[in-house]
Amino acid sequence: MASNPKPSNVVMVLNGPNLNLLGTREPEIYGSATLDDIAGMLEDRARELGLEVDVRQSNHEGHLIDWLHEANADGARAVLLNAGAYTHTSIALLDAIKAIAVPVIEVHLSDPTNREPFRHISYVGMAAADEVKGLGPQSYVVALEKAALL
Ligand code: CA2
């Protein structure tokens with residue numbers, strides 16, 4: 001079936017490995033907000049922007065790929081993707097982003113380019129339409145505001 005040519009108002013927000021642990025450890029790097037807190041912030045901002053967010057998290061690379069395909073098939077407005085450490089390793093995610101028409105905005109709480117050298121490469125960034133990083137939970141909100149302009 002052909003995908004819907006008119007993007008919906010749904011923005012899918014995909015979170016990768018270990019992000020379910022946000023707020024429990026390493027607050028000096030990732031802050032003290034939980035993923036549920038971030039989802040709440042996004043729901044509030046989405047309402048103001050006339051958008052709807054669908055926030056998901058998985059520790060499994062294939063789930064993230066399936067959800068990118070789903071966002072595309074459903075004609076989502078955009079995907080905000082914090083792929084966690086898969087950002088720096090996953091050619092499969094790069095291929096998935098290249099294979100879909102939905103714009104993907106790369107999101108990070110920290111700024112990986114100011115951290116260890118192994119975090120400086122981003123396969124996600126090689127295909128993402130845009131990126132927001134280093135703003136803590138606000139990175140997601142700024143990315144949502146960018147999605148509203150697409
Ligand atoms: O800064 C980000 O958002 C990252 O995507 C977070 C990933 C990291 O591998 C990326 O380089 C940058 C790690 C997420 C791990 O989250 C944790 C949360 C609480 C406690 C431990 C890990």
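## Basis

Helices (H or I, at least four residues) and strands (E, at least two) are DSSP runs, numbered from the N terminus. This is a predicted model, in which local features need pLDDT of at least 70 and side-chain atom pairs count only at pLDDT 80 or more, while totals for chains, interfaces and linings use all residues. Residues are numbered from 1 along each chain as its sequence is written, and side-chain values use heavy atoms, with hydrogens and water left out.

His108 sits in strand 4. His108 is buried, at a relative accessible area of 7%. Buried means under 20% relative accessible area, exposed over 50%, and partly exposed in between (1.4 Å probe, protein chains only). Setting aside neighbours within four places in sequence, His108 contacts Asn82, Thr87, Val132, Lys133, Gly134, Leu135 and Ser139. Contact means heavy atoms within 4.5 Å.

Asn15 belongs to strand 1. Its relative accessible area is 0%, so Asn15 is buried.

## Helix 3

Helix 3 covers residues 61-73, 13 residues in total. The expected span of a helix is 1.5 Å times one less than its number of residues. Just after the helix, Gly75 takes a positive phi of about 70°.

Which residues of helix 3 are buried? They are Leu64, Ile65, Trp67, Leu68, Ala71 and Asn72. These cover an arc of only 160° around the axis, which puts them on the same side of helix 3. The arc is that of the directions from the helix axis to the C-beta atoms. An α-helix has 3.6 residues a turn, so residues three or four places apart point the same way. The buried residues of helix 3 pack against strand 1 (10-15), strand 2 (52-57), strand 3 (78-82), helix 4 (91-99) and strand 4 (104-108).

In helix 4, the buried residues are Leu93, Leu94, Ala96 and Ile97. Viewed down the axis, they fall within an arc of 165°, so they line one face of helix 4. Lys98 and Ala99 are exposed on the other side. The buried residues of helix 4 pack against helix 3, strand 3 and strand 4.

The axes of helix 3 and helix 4 come within 10 Å and cross at roughly 5°. Axes are lines fitted to C-alpha atoms, for helices over the stretch in contact, and angles run from 0 to 180 degrees between N-to-C directions. The two helices are therefore roughly parallel to each other (angles under 35 degrees). Helix 3 makes the contact with Glu61, Leu64, Ile65, Leu68 and His69, and helix 4 with Ala92, Leu93, Ala96 and Ile97. These contact residues divide into seven nonpolar, one polar and one charged. Ala, Val, Leu, Ile, Met, Phe, Trp, Tyr, Cys and Pro count as nonpolar, Asp, Glu, Lys and Arg as charged, and the others, Gly among them, as polar.

Helix 5 (residues 138-148) has Ser139, Tyr140, Val141, Ala143, Leu144 and Ala147 buried. What covers them includes strand 1, helix 2 (35-49), strand 2, strand 3, strand 4 and strand 5 (130-133).

Thr89 lies in the loop between strand 3 and helix 4. Is Thr89 buried or exposed? Thr89 counts as exposed, at 52% relative accessibility. From Thr89 to Val124 is 35 residues in sequence and 9.1 Å in space, C-alpha to C-alpha.

Technical notes: Parallel < 35°, antiparallel > 145°, perpendicular 65-115°, else oblique.
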